[in-house]
Structure formats: structure tokens, C-alpha cells
Amino acid sequence: MIIITILQAIIFSIIALFICYVFTLSIFALFNKKKRDFSADRYRKFAIVIPAHNEELLISQTLYSLFSLIYPKNKYDVFVIADNCTDQTAQIATSIGATVLERNHETLKGKGHALRFAFSEILNKDEFEGIIVFDADSQISGNYLCVMNHYMENGSRVIQSSDLVQPQPGVWSSEMTRIGFTLYNLVRPLGRNFLKLSMGLRGNGMCFHPEVLKNIPWEAYSLTEDIEYGILLMLKGEHIQFAPEATVTAKMPENSKNAESQRERWEIGRYPIIARYSFPLIKKFLRTGKITYLDTFTDLIMPPMVNLMIVILIFSVLNLIPAIFGFGHFLLFTILWGALFLLSIIHLLIGFKAADVDRDLYKALVHVPKYAIWKLMLYLKAFSNGKQENWVRTAREQKVATDSPQS
């Protein structure tokens, strides 16, 4: 019994640290003030890179969004990397006005290899002062380049914008992903921004000074290549600036089955990164004393919020049952786990407030139990099938292509 109590106390302490960590960031997020004036003395020239593998259903919307940006048209070029494409992606992109770089390789596949290829081609031109990466299924806010130009003119070398999900009220899987993106890609970074901490990379909406990519070449080819390269940059001393004023949004699949490979890549793909970079981050923190490395380590190893809430609920029930039959110390743990669950809810609501979300996102909270069960089933399926070694493209839905372009 004593051993069980000690183990439970250890588990509780670890989860409590995670919850207190995100709760603290959400509090600081409330105080972060967004910039409103993006005037600059000059306009930098940007190269916009879109890695695309068989994206004929969505690439046109993304390009229409980019060619509608509020920025001098002669100050940015759009490059679509048609990576091992077997559909009409290249032809569609060319017809709309993008420069298409076709890449075909039988073994080196995935976004990481496509980006390395693109950066090598673009850096050789030596005419761009900023390089931005967007996914092929994105809608970009009209002020995007003005925001990036402003930050770069003020000294930022690596910038990550808000990376969010387009609202789809009634589509529970998409709305659950939207909650996760809001908390992970907006609320926590807002808290870090207030504390002057470095932001991690999120893959979609990344902006680089060319010197960064020349000095620290892209060598990230894992399933979560964005997280990996962001950590590599930080370990090399680069500060990643968060720019919440610029936003890129992506549309998630309406069918939850189509989102499985994507979710597996996001979550299972983090494990090799945790194994590879946890010790270097801790070592860097101990050597420099900079909180940003401890923050990055904590963010890397922390399980998804819904996973933590599932564990909290399980322990709450497991302690409640013996507590009802008069075992006193189980009552104490019941109260502690219950308080932790309440703190999780408060964190979520504070985060929603800081992000100024719409009412539909509050309504989507009713789907959390269904989402939790879906994730548990996904984990069981992933582990039974073995880990995902290679990048697997998220299935697209035909009806997505009929949506009107948004600017």
C-alpha cells in the first residue's frame, strides 16, 4: 500500500507540474499585447515556399490567398515544390502564376527533403531577404508579409506566425483539433512572448532570414521536421520570434478517418525527437541558465492536454471508490486529483479568453469525451501496427476544392 501511495504521489507531482506550467503560460498570455503598426522604411523581398505532394484539390486556394496579400507584388515570389507528384499540382500552380520546382526521388520523400531541395535552389539566387514556408492547404492573412517585414526590419531572424485551424462547426474532429491548435500554437506562444522566451517552429508559417538557412542548413527529415529544426536553431543560439498578428489557417479533414495518419505523425513522431534532444536541451539550460531551454524541454516532453485530463479522471475515479468505503488517504488523493482537473478546465477557459475565440469553440467542448476515446483507439492502433517510419500524406476530400478562396 505504501509503494502504491508513493507511486501515485510521484505521478501526481509530474502531471501537476505540467498543468501548472500551461496554466502559468495561459495567465501570461492574457497580458501579451499585439502590435498594430507594421510600417517600415523599406519592403524586403520574400520567397514563399510551398512543399506540395499531390495537392491538386487545395493548391489553388492557397495560391489565390497568397497572390491577394497586401504587399507590393514585385517584392515576393511564390515557389511550389511539386514533390513526387503524380497529379495536376504542378500544372495548376503554373497556371495561377507560381514558379514550380519539380522534385522526384524514389527514396528521399517527405516535407523535410522537399524543403532542403527548395532552400538550396532559392538560396543560390541570392536575391531574397526572407524565406517563408506554408503548407499547401493554407489560407494566409492579408497582412502576413507586412508583419514579417516589420519584425525582420526590427532584427528578428526566425519568426513563427499563428498557425491555426479553420472553423468547421459541427465537424467534431476538426473542432477538437482547432482547440488543440489554439492552445498549443497561440495561447502558449503568447505567454512565451510576454516572457521574452523563444518560440518553437510549427511547420506552417515559418519565416527565415537567408543567413540562418545558410549557416544552419536544413537537416531535419523526421516525421516532425519542424519541431526538430526549431530545436536545432535554438541550440545554435537562434531566437525564434512569435508573430501573433500574422495568421495562417489550414482546413482539417471532415472525416475523422482521414485525420488518423496526420494525428499519428504529430504525436508518435515526437518520441524520437524527445529521445534525441531532451538531454541537449537540459545540458544547455544548466550551462547557460536560460529559461527558454527549460521551457522548450518541458514543451517537448509534455503529453497532449487531453491525454493528461484522461489520466487525471482515471485516478480521480480510482481513488473515489475506496474513499467512499472509508479509506481516508484515498479521499485526500481524490480531492487533489479533482483540484488538478479543475485547474485544467480553468487553464482552458483562460486560454480561450486570451485567444479571443468564437462561441463555436466553446460549444465544441461537448465533444471532448468522444475525442478522448478516438485518441485512445488511435494510440492502440498505432502501437499495434508499429511506429510510422515515413511521412504519410493526409487524405484530402473532394468537396474541399469547391470552397471559395479566402484572402
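**A buried cysteine and its setting**

Modeller: C207 is buried, with a relative accessible area of 0%, where buried means under 20%, exposed over 50% and partly exposed in between, using a 1.4 Å probe and protein chains only. This is a predicted model, in which local features need pLDDT of at least 70 and side-chain atom pairs count only at pLDDT 80 or more, while totals for chains, interfaces and linings use all residues. Residues are numbered from 1 along each chain as its sequence is written, and side-chain values use heavy atoms, with hydrogens and water left out.

The closest cysteine sulfur to that of C207 belongs to C146 and lies 13 Å away, which is too far for a bond. A search of the whole structure for disulfides, meaning pairs of cysteine sulfur atoms within 2.5 Å, finds zero.

Turning to the nonpolar cores, each is a set of buried Ala, Val, Leu, Ile, Met, Phe, Trp, Tyr and Cys residues joined through side-chain atoms within 4.5 Å. The largest has 61 residues, and F119, F208 and Y229 have the most contacts inside it. Helix α6 (residues 172-194) gives the most to this core, with seven residues; helices (H or I, at least four residues) and strands (E, at least two) are DSSP runs numbered from the N terminus. A second, separate core of 32 residues includes F38, Y71, V80 and V147. Setting aside neighbours within four places in sequence, F119 is in contact (heavy atoms within 4.5 Å) with I131, V133, F208, L213 and W218.

Strand β8 (residues 240-250) is largely enclosed by the rest of the structure, because ten of its eleven residues are buried. Strands count as paired if DSSP finds at least two bridges between them: β6 (residues 158-165) runs parallel to β8 over eight bridges, with S161 partnered by A243, whereas β5 (residues 138-140) is joined to β8 in the antiparallel sense by three bridges, and there Q139 stands opposite T249.

Beyond residues up to four places away in sequence, E228 touches A220, Y221, S222, I273, R276 and Y277. The side chains of E228 and R276 are joined by a polar contact of 2.8 Å, the term being a pair of N or O atoms within 3.5 Å, where within protein one must be able to donate a hydrogen and the other to accept it, and residues adjacent in sequence count only if both atoms are side-chain atoms.
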